[in-house]
Amino acid sequence: MAAGPSAKQVSGIKASVFVAALLPFLWGAWQVVQGVPVDPLAYITHQSGDWALYLLCITLAVTPLRRLSGWNWLLKLRRMLGLFAFFYALLHFIAFFWFDHFFDVASMLRDVAKRPFILVGFIAFLMLVPLAATSTNGMMRRLGGKRWQWLHRLIYLVAPLAVLHFWWMKAAKNNLAQPMLFAAIVAVLLALRIYWSRAKARAQASAAAPHRRSA
């Protein structure tokens, strides 16, 4: 098997991915400054929400791609991609909270309670907050490996909720092509994890069986 990229090459890949993930924000900001969108609020809201979902799916795809390809260095990109997913989700929330409600918490909560698609999106965003806050090596050490892993499994709830948020929003416009695509992608990525987890459990049970019989 061919050797993976060197540490210097991985650093270059990370820098390239960082720039690529930031470009949608820079391009959107430029468009707004230039007055291109007819409705800047709708443009910011939709663009940030779309990119949060794109990057969430890409982040979930890192582990399956690493397992299928053997490219272990891909794991070095996962944290950055996850933080960019949170960054765009935060922009999406700010657009909703600031531009739609002018930081009126009561008005925002009434809107959340009134429209289910906003409620599930809000729950997904709140779940992302502790994941972003504990993404550092220092927080991993403070929490301990097992607790950190259990906390970060919230991503498996965040992704379906984000898709449901997107689905219900598009359903109002009878436009389900994109939500169906995202639902299929997330379903495959989560199904692979379930399959591998069960295969690992079966392998461990098979390995333990001879020891139990000989005991």
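Begin by selecting α2, the element that gives the most residues to the lining of the second largest pocket, namely 10. Elements here are DSSP runs, helices (H or I) of at least four residues and strands (E) of at least two, numbered from the N terminus. This is a predicted model, in which local features need pLDDT of at least 70, side-chain atom pairs count only at pLDDT 80 or more, and totals for chains, interfaces and linings use all residues. Residues are numbered from 1 along each chain as its sequence is written, and side-chain values use heavy atoms, without hydrogens and water.

Next, show Thr-45, Gly-49, His-92, His-165 and Met-169, which lie nearest the centre of this second largest pocket among its 31 lining residues. α2, α3, α5 and α8 are the elements that give two or more residues to that lining. A pocket is an open set of points on a 1 Å grid over the protein atoms alone, where a 1.4 Å probe fits, with protein on both sides within 12 Å along at least five of seven lines; lining residues have an atom within 4 Å of a point.

Now move to the largest pocket, which holds about 1,300 Å³ of space. Select Thr-63, Arg-78, His-152, Tyr-156 and Arg-193, the closest to its centre of the 33 residues that line it. Two or more lining residues come from each of α2 (40–69), α3 (75–100), α5 (116–133), α7 (145–152), α8 (155–171) and α9 (177–214). Finish on α9, which gives the most to the lining of the largest pocket, with eight residues. The volume is the space filled by probe spheres set on the grid points, which are joined across faces, edges and corners.
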